[in-house]
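Visitor: I would like to go through this model term by term. For each label, please set the value against the rule behind it.

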Number of protein chains: 2
Amino acid sequence: MPDQLSTEPYDRTVFYVSDGTGITAETFGQSLLAQFETMKFRQIRMPFIDSVIKGRELLARIDMQGRKDERPPIVFSTLVNTEINNVVRQANAVFLDLFATFVEPLEKELGAQSTHSMGRSHTATNSPQYDRRIAAINFSLAHDDGQADRGLPEADIILVGVSRSGKTPTSLYLAMQHGLKAANCPLIPEDFERGRLPEVLYRFKHKLFGLTIAPDRLSEVRNERRPGSKYASLENCRAEVMQAEDMMRREGIRWLSSTHKSIEEIAATILQQIDIANQQAQR
Amino acid sequence: MPDQLSTEPYDRTVFYVSDGTGITAETFGQSLLAQFETMKFRQIRMPFIDSVIKGRELLARIDMQGRKDERPPIVFSTLVNTEINNVVRQANAVFLDLFATFVEPLEKELGAQSTHSMGRSHTATNSPQYDRRIAAINFSLAHDDGQADRGLPEADIILVGVSRSGKTPTSLYLAMQHGLKAANCPLIPEDFERGRLPEVLYRFKHKLFGLTIAPDRLSEVRNERRPGSKYASLENCRAEVMQAEDMMRREGIRWLSSTHKSIEEIAATILQQIDIANQQAQR
């Protein structure tokens, strides 16, 4: 949950302000604030500030918060409407104006006026890109954990790896964020015994991408799910991971370790490798 | 898929450059470029530029692209390492330096030095926040489409609405992006006949949030899934939507229409309403 109700002490209040969802302001602001590790920030999301009246209310709220804190709040703003922006920026605050700062140099360079209307970018509905994202999410759900083979010819990517190596969250993230139809299929002890991938995957080998994970971390994760089981034991996890890595190596499948990577980092790494492969194929 | 391989004509090449995943640079850059609706941009993601050597390679690549395009590329950079940043910014490009621009005023205001190390913000693994996100994704998957009641006491929110009103992608997004345990439960014709919500939901009424959708849009979406079915017919969609809205009104459930909203907008609206309710409860 957003920490808006936290009663813990904090150094500063931070407002993420936007005419739209505020995702850009928040993503950017959090990255920047992560640079100040020793400080505690109380974060307040203020989306949909799309009228001068809402702008005035917000101005009053920021000023009130500043008086309460006895320090000026920090405001990350992606307001694109000049009139609303001019209201909010009167606040007694550190006003970081993400759009205005960069729009001007861009307008100059591109020789074009910006629309100064709400930036919807990837969030625009009823666009082919948006429909593709929704289709990708539905695809990834339907093709989670080897549930279905039917759609594999349509898949952009098929993740493989032992149970709990991170396939499911990564597939969903690739679909949600990047509009990729990402299926995933577990590698299980039966596959290792046969010494072969699940047969259906051989036709799609160029789409396979492997995830592996350190055995001790895997054991931890599995123990949360089935405490004390053989499935979760360190010994079993060691054996499965070793066999899965052997198999991926033998079959020439690209893979990476999810152990110290977030979903975002795993996804960015996979995309980067796909890009490199595509560029090589183009040459 | 990223449009790195597109052969369509474009006005400018855009690079998203980062020591990390590049998500911040890309989110921000795309919002900003959406302001220039008439222009076409070819976008190239360059994550994990975490050494001076990679910085030099990137510098050469940007300059090569500029010569090919006969126009300087646009570079959105969130590089935090000063040394690498100083290499890349030598490129013959419009260099938009997202971090440096705002880090300095922030350092001054906060009276603290930034770490100048990679911003990981919400992506840091092995943090309680990260574990909560993963747990939320697993929860939302397990509690999709009324599959399970077991975990409902733990749910942060339970979405209700007719089939295909947008519950599943919204639940997954709330989990993935905001770490909320979001369950969802369909409202079906049997519920309307009985004139009651699914019984299990009455215990959790304060957690319910409804989604509705315009009948013609619903019919479109359902026709993609089951073309020509009664389920997808406009007449049936009209009746279901009307009954669902009646029921939500009668039961006092907060709801919104997903028709013209992206997942991000639906999620931001829901969070905003929860925040407001929490603030009122605090008073």
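Visitor: Why is strand 1 (residues 12-17) of chain B called largely enclosed by the rest of the structure?

Guide: The model is a predicted one. In strand 1 of chain B, 6 of the 6 residues are buried, so the strand is largely enclosed by the rest of the structure. Buried here means that 20 or more other C-beta atoms lie within 10 Å of the residue's own.

Visitor: Which residues of strand 1 of chain B point one way and which the other way?

Guide: Arg12(B), Val14(B) and Tyr16(B) point one way, while Thr13(B), Phe15(B) and Val17(B) point the other way. All of them are buried, on either side of strand 1 of chain B. In a regular strand the side chains alternate between the two faces of the sheet.

Visitor: What makes strand 1 of chain B and strand 2 (residues 41-46) of chain B a pair?

Guide: The rule asks for at least two bridges between two strands. Strand 1 and strand 2 of chain B have 6 bridges, in the parallel sense, so they pair. Within this pairing, Tyr16(B) has Arg45(B) of strand 2 as its bridge partner.

Visitor: How many bridges join strand 1 of chain B to strand 3 (residues 74-77) of chain B, and in what sense?

Guide: There are 4 bridges, again in the parallel sense. Phe15(B) stands opposite Val75(B) of strand 3 of chain B.

Visitor: Which elements make the right-handed β-α-β unit of chain B?

Guide: They are strand 1, helix 1 and strand 2 of chain B. The crossover counts as right-handed because, with the strands pointing away from the viewer, the path from the first strand over the helix to the second runs clockwise.

Visitor: What makes helix 1 (residues 23-33) of chain B mostly covered?

Guide: Of its 11 residues, 11 are buried. Among them are Ile23(B), Glu26(B), Phe28(B), Gln30(B) and Leu33(B).

Visitor: Why is Val52(B) called partly exposed?

Guide: Val52(B) has 14 other C-beta atoms within 10 Å. Val52(B) lies in helix 2 (residues 52-69) of chain B. Leaving aside residues up to four places away in sequence, Val52(B) touches Glu83(B), Ile84(B) and Val87(B). Val52(B) and Ile84(B) are 32 residues apart along the chain, and their C-alpha atoms are separated by 5.1 Å.

Visitor: Is Arg164(A) buried or exposed, and how do you know?

Guide: Arg164(A) has 23 other C-beta atoms within 10 Å, and the cut-off is 20 or more, so Arg164(A) is buried. Arg164(A) sits in the loop between strand 5 (157-161) and helix 6 of chain A. Arg164(A) has a positive phi of about 75° although it is not a glycine.

Visitor: How does the radius of gyration of chain A stand against that of a compact globule of 283 residues?

Guide: Such a globule would have a radius near 19 Å, but chain A has 24 Å. The C-alpha atoms of chain A fill a box of roughly 70 × 45 × 30 Å along the principal axes.

Visitor: Why are the two copies said to be related as by a two-fold rotation axis?

Guide: A rotation of 180° with 0.0 Å of shift along its axis superposes chain A on chain B, with an RMSD of 0.0 Å. The two copies are therefore related as by a two-fold rotation axis. The same surface serves both copies, as 100% of the contact residues of chain A recur in chain B.

Visitor: How many residues of each chain are in contact with the other chain?

Guide: The contact involves 67 residues of chain A and 67 residues of chain B. Helix 4 of chain A gives the largest share of the side of chain A that touches chain B, 9 residues. The residues of that side divide into 34 nonpolar, 24 polar and 9 charged.

Technical notes. Residues are numbered from 1 along each chain as its sequence is written. Chains are lettered from A and ligands numbered from 1 in the order in which they are written. This is a predicted model: local features need pLDDT of at least 70, side-chain atom pairs count only at pLDDT 80 or more; totals for chains, interfaces and linings use all residues. Two residues are in contact if their C-beta atoms, placed from the backbone, lie within 7 Å. Helices (H or I, at least four residues) and strands (E, at least two) are DSSP runs, numbered from the N terminus. Ala, Val, Leu, Ile, Met, Phe, Trp, Tyr, Cys and Pro count as nonpolar, Asp, Glu, Lys and Arg as charged, and the others, Gly among them, as polar. A residue is buried if 20 or more other C-beta atoms lie within 10 Å of its own, exposed if 12 or fewer, and partly exposed in between; C-beta atoms are placed from the backbone. Copies are superposed by least squares on the C-alpha atoms of residues with pLDDT of at least 70 in both. The radius of gyration is taken over C-alpha atoms; the globule rule is 2.2 Å times the number of residues to the power 0.38.
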